[in-house]
Amino acid sequence: MGFGISKITDGVYSVGNSIATQNLAPGKSVYGEQLFKYGGKEYRFWDPSRSKVGAAIKKGMANMAFGSGSKILYLGAAEGTTISHMSDIVGADGVIFGVDISARSMRKFIYLCEERPNIVPILADANSPMTYKEQLGGFTIDAIVQDVSQKNQAEILMRNCHAYLKAGGFAYLSLKVRSISSTDPVAVVVEEEAKKLEKEFEITEIINLEPYEKDHAMIVGKRK
Ligand SMILES: C[S@@+](CC[C@H](N)C(=O)[O-])C[C@H]1O[C@@H](n2cnc3c(N)ncnc32)[C@H](O)[C@@H]1O
């Protein structure tokens, strides 16, 4: 390869103008992303226009509270595009519980989980965290990542945080502004939602995800 690779944070690498993770399932591409080898290891490019966590990293997100061995609760798993990269990051000693309400998405997601033993699929409504208590197997959760297109996004996060997030753990709320208001200015909605989280979290970063995602922000908070 004609370019170098440098570490951005635990498990995430900068390659030219792109970001990448080391592939936990060598030879397998998840959503059509390109694979490449460097120094005897295989990596996968992480497309920030397909993943809000990827977009936040590209936009310089500073508080990356997940790495090798982390236990993560991911709300809004869909088919697992973003989770696949987080699975690379947490590695064989970590685990990601991926919750989604859609049986259709879950069917595809389960194939990914079969290839990656560190992902646990959970078909459930993230509004009702106690319905998946057993699947979480008593693990303490280090970080919650949420990407659900619902009006009550902050409330869903707070409920899951009360149920599972450790004190000092981090939450990453990928806020879809247009699920909350179709007309209010993005900055106003983001500020109002961040305020709702302030009771439980110290808000450490708010990142506008443009140009990768329109009308989205990543709100990062540390549980008090
Ligand atoms: C934008 S997609 C998530 C994309 C995914 N995070 C990624 O980057 O690969 C939003 C997902 O939220 C799920 N969702 C919506 N409401 C939900 C709820 N109440 N509980 C769990 N999942 C929900 C949808 O089924 C959909 O798959």
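In this predicted model, the lining of the second largest pocket draws at least three residues from each of domain 1 (5-46) and domain 2 (52-223).

- Helix H3 (residues 103-115) gives the most to the lining of the second largest pocket, contributing four residues.
- Sorted by class, the residues lining the second largest pocket are four nonpolar, three polar and four charged.

**The largest pocket**
- The largest pocket holds about 460 Å³ of space and is lined by 26 residues, of which Gly76, Asp100, Asp147, Val148 and Ser149 lie nearest its centre.
- Helix H2 and strand S7 (95-100) are the elements that give two or more residues to the lining of the largest pocket.
- The lining of the largest pocket is made up of nine nonpolar, nine polar and eight charged residues.

- Five strands form an open sheet with antiparallel pairing, in the order S1-S2-S3-S5-S4, and its edge strands, S1 (5-9) and S4 (35-38), each pair on one side only.
- From one strand to the next, the twist averages 40 degrees.
- Strand S2 (residues 12-15) runs antiparallel to strand S3 (residues 18-22) and is joined to S3 by three bridges, while Ser14 stands opposite Ile19 in S3.

Notes: Residues numbered from 1 in each chain as written. Predicted model: local features only at pLDDT ≥ 70, side-chain atom pairs only at ≥ 80, totals over all residues. Heavy atoms only, no water. Pairing = 2+ DSSP bridges. Axes fitted to C-alpha atoms, helices over the stretch in contact; angles between N-to-C directions. 1 Å grid on protein atoms, 1.4 Å probe; cavity = no way out; pocket = protein on both sides within 12 Å on 5 of 7 lines; lining within 4 Å. Points joined across faces, edges and corners; volume = space filled by probe spheres on them. Nonpolar A, V, L, I, M, F, W, Y, C, P; charged D, E, K, R; others polar. Domains from an automatic or database assignment.
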